[in-house]
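Subject: Structure handover

Hello,

Here is the structure for you to look over. My notes on what was found in it follow below.

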Amino acid sequence: MVALTALVAPSVAQLSLWREATHMVDVGGGYGQLALTVLRAHEGLHATIVDLIHARAGAQAKIEHEGLGARCTFVAGSFFEAWPAGADVYLLKSILHNWDDEHCARILANCRRAAGSCARLLLIERIRPDCMELNPEAESVFRADLNMLVGLGGRERTFGEYGEMLAAQGFSLIGRHQTAFEFAVLEARAV
């Protein structure tokens with residue numbers, strides 16, 4: 001996950017999605033690689049990294065090493081528990097593809113409770129084409145889909161499937177932004 005995050009983090013940080021953001025919560029953010037990359041690119045932004053307790057020491061060391069302790073904190077928690085409320089952006093990178101639809105609904109419901117009425121949710125995931133295409137990017141996504149199914153019981157989803165899943169939990173899918181490799185940022189707004 002660290003290697004994949006390193007590949008997409010710079011292009012995520014350069015998206016215009018961050019211009020008006022003031023506080024993001026990166027749920028399942030590990031040691032903070034993605035959150036810290038975005039913070040370095042946007043001086044007015046603050047972040048909270050949420051992950052299991054075992055990630056605390058690594059995240060705090062990375063935050064301090066980057067000199068971002070005044071703008072970034074780590075909170076021990078799970079995406080299956082209550083999330084920090086009040087942020088204007090919630091970020092999930094490569095989280096939903098690990099889980100079946102029932103678990104994804106629980107994760108998104110927790111996000112919706114924390115998000116308030118105007119927050120945005122950014123999902124960074126591989127988007128599976130509606131039908132098989134013969135190109136390296138699509139083939140990579142379909143291989144990842146099979147790996148998720150066999151290894152974790154999750155799956156890669158289509159843009160439409162994400163839209164339906166988000167709508168069921170009180171979000172409106174408002175945009176798709178392509179990043180490096182086969183990852184896209186899906187932008188949703190709490191409704």
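I start with a helix pair: Gln 33, Leu 36 and Arg 40 in α2 meet Lys 62, Ile 63 and Glu 66 in α3, where contact means heavy atoms within 4.5 Å. Please keep in mind that this is a predicted model, in which local features need pLDDT of at least 70, side-chain atom pairs count only at pLDDT 80 or more, and totals for chains, interfaces and linings use all residues. Residues are numbered from 1 along each chain as its sequence is written, and side-chain values use heavy atoms, with hydrogens and water left out. Helices (H or I, at least four residues) and strands (E, at least two) are DSSP runs, numbered from the N terminus.

The helix pair

The crossing of α2 past α3 is right-handed, meaning that the near helix is turned clockwise from the far one by less than a right angle.

Seven of the nine residues of α2 are buried, where buried means under 20% relative accessible area, exposed over 50% and partly exposed in between (1.4 Å probe, protein chains only). Among the buried residues of α2 are Gln 33 and Leu 36, both of which also meet α3.

The sheet

The sheet is open and mixed, with seven strands in the order β3-β2-β1-β4-β5-β7-β6; two strands pair if DSSP finds at least two bridges between them. At the edges stand β3 (72-76) and β6 (171-178), each with a single partner strand, so one side of each has no neighbour in the sheet. From one strand to the next the twist averages 20 degrees. Helix α3 (residues 56-66) packs on this sheet and touches β2 (46-51) and β3, its direction making about 180 degrees with that of β3.

Strand β1 (residues 23-27) is largely enclosed by the rest of the structure, because four of its five residues are buried. It runs parallel to β2, joined by five bridges, and parallel to β4, joined by three. Val 25 stands opposite Thr 48 in β2, and its bridge partner in β4 is Tyr 90. Together, β1, helix α2 (residues 33-41) and β2 make a right-handed β-α-β unit: with the strands pointing away from the viewer, the path from the first strand over the helix to the second runs clockwise.

Strand β4 (residues 89-93) pairs with β5 (residues 120-126) in the parallel sense over five bridges. Here Val 89 stands opposite Arg 120 in β5.

Two loop residues

Ser 94 sits in the loop between β4 and α4 (101-115). It is not a glycine, yet its phi is positive, at about 55 degrees. With a relative accessibility of 3%, Ser 94 counts as buried.

Gln 169 is in the loop between α6 (159-168) and β6, and is partly exposed at a relative accessible area of 21%. Leaving aside neighbours within four places in sequence, Gln 169 is in contact with Ala 105, Leu 108, Ala 109 and Arg 112. Its C-alpha atom is 8.9 Å from that of Arg 106, a residue 63 places away along the chain.

Regards

Key
Axes are lines fitted to C-alpha atoms, for helices over the stretch in contact, and angles run from 0 to 180 degrees between N-to-C directions.
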